[in-house]
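This briefing goes through one protein structure, topic by topic. Please keep the sequence and the 3D view open while reading.

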Amino acid sequence: QQNPCMRCGACCALYRVSFESSETDKFPGGGVPFHLTIALDKARSAMKGTERRPIRCEALTGQIGYRVCCSIYDRRPTTCRKFLSVSENNAVNSLCDQARATYGLMPISSF
């Protein structure tokens, strides 16, 4: 069964994605493409597109709610890696449900 996040993407177009700047590929061991980030302060960065309204991460491609893709999925920041869909690990993520509702999508937990 396909990960429902691959059809959704609502969280990528609702929340600011901030993380330690050392996660960018500008630093040794970092993987997040620096050109897709913006500095928030000396130590923190955000994914471009999530620091302003309307929010939409520049790494997100496709149409929200139908078919989306993170163009840097294997290199995404920790913030994204830790954001679980409602159904992952039998956990409830109210922020996932809220993001989906904002785009008129049913909660994943209802599938």
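The largest cavity has a lining of 11 residues, and those nearest its centre are Cys5, Cys8, Cys11, Phe83 and Cys96. The model is a predicted one.

**Cavity and pocket**

- Rolling a probe the size of a water molecule over the atoms shows where empty space is left.
- A search of the whole structure turns up one cavity of 30 Å³ or more.
- The space in the largest cavity comes to about 60 Å³.
- The largest pocket holds about 550 Å³ of space, and two elements, β5 and α1, each give two or more residues to its lining.
- In total, 27 residues line the largest pocket, and Cys11, Cys12, Arg76, Cys80 and Phe83 are the ones nearest its centre.
- Cys11 and Phe83 are named among the residues nearest the centre of the largest cavity, and both are also named for the largest pocket.

**Arg76**

- Arg76 sits in the loop that runs between β5 (67-70) and α1 (78-82).
- A salt bridge needs a side-chain nitrogen of Lys or Arg within 4 Å of a carboxyl oxygen of Asp or Glu.
- A polar atom of the Arg76 side chain does lie 2.6 Å from the backbone oxygen of Tyr73.
- Leaving aside residues up to four places away in sequence, Arg76 touches Val32 and Arg81.
- Arg76 is also one of the residues nearest the centre of the largest pocket.

**Salt bridges**

- Side chains of opposite charge can pair when their charged atoms come close.
- The count of salt bridges in this model is four.
- One of them joins Arg44 and Glu20, with 2.8 Å between the closest N and O atoms.
- Arg44 belongs to strand β3 and Glu20 to strand β1 (residues 18-20), so this pair ties together parts that are 24 residues apart in sequence.
- Both ends of this pair are partly exposed: Arg44 has a relative accessibility of 27%, and Glu20 has a relative accessible area of 37%.
- Arg52 and Glu51 also meet through their side chains in a salt bridge, at 2.8 Å from N to O.
- Another salt bridge links the side chains of Glu58 and Arg52, at 3.6 Å from N to O.
- Through shared partners, these salt bridges join Glu51, Arg52 and Glu58 into one network.

**Cys70**

- Cys70 is part of strand β5.
- With a relative accessible area of 23%, Cys70 is partly exposed.
- How many residues separate Cys70 and Ala59 in sequence? They are 11 residues apart in sequence, and their C-alpha atoms are 5.5 Å apart in space.

**A cis peptide bond**

- The peptide bond that runs from Arg53 to Pro54 is cis, and its omega is near -5°.
- Pro54 lies in the loop between β3 (44-47) and β4 (60-63).

Notes:
Residues are numbered from 1 along each chain as its sequence is written. This is a predicted model: local features need pLDDT of at least 70, side-chain atom pairs count only at pLDDT 80 or more; totals for chains, interfaces and linings use all residues. Side-chain values use heavy atoms; hydrogens and water are left out. Helices (H or I, at least four residues) and strands (E, at least two) are DSSP runs, numbered from the N terminus. A polar contact is a pair of N or O atoms within 3.5 Å; within protein, one must be able to donate a hydrogen and the other to accept it, and residues adjacent in sequence count only if both atoms are side-chain atoms. Contact means heavy atoms within 4.5 Å. On a 1 Å grid over the protein atoms alone, a cavity is a set of points where a 1.4 Å probe fits but cannot get out, and a pocket is an open set with protein on both sides within 12 Å along at least five of seven lines; lining residues have an atom within 4 Å of a point. Grid points are joined across faces, edges and corners, and a volume is the space filled by probe spheres set on the points. Buried means under 20% relative accessible area, exposed over 50%, partly exposed in between (1.4 Å probe, protein chains only).
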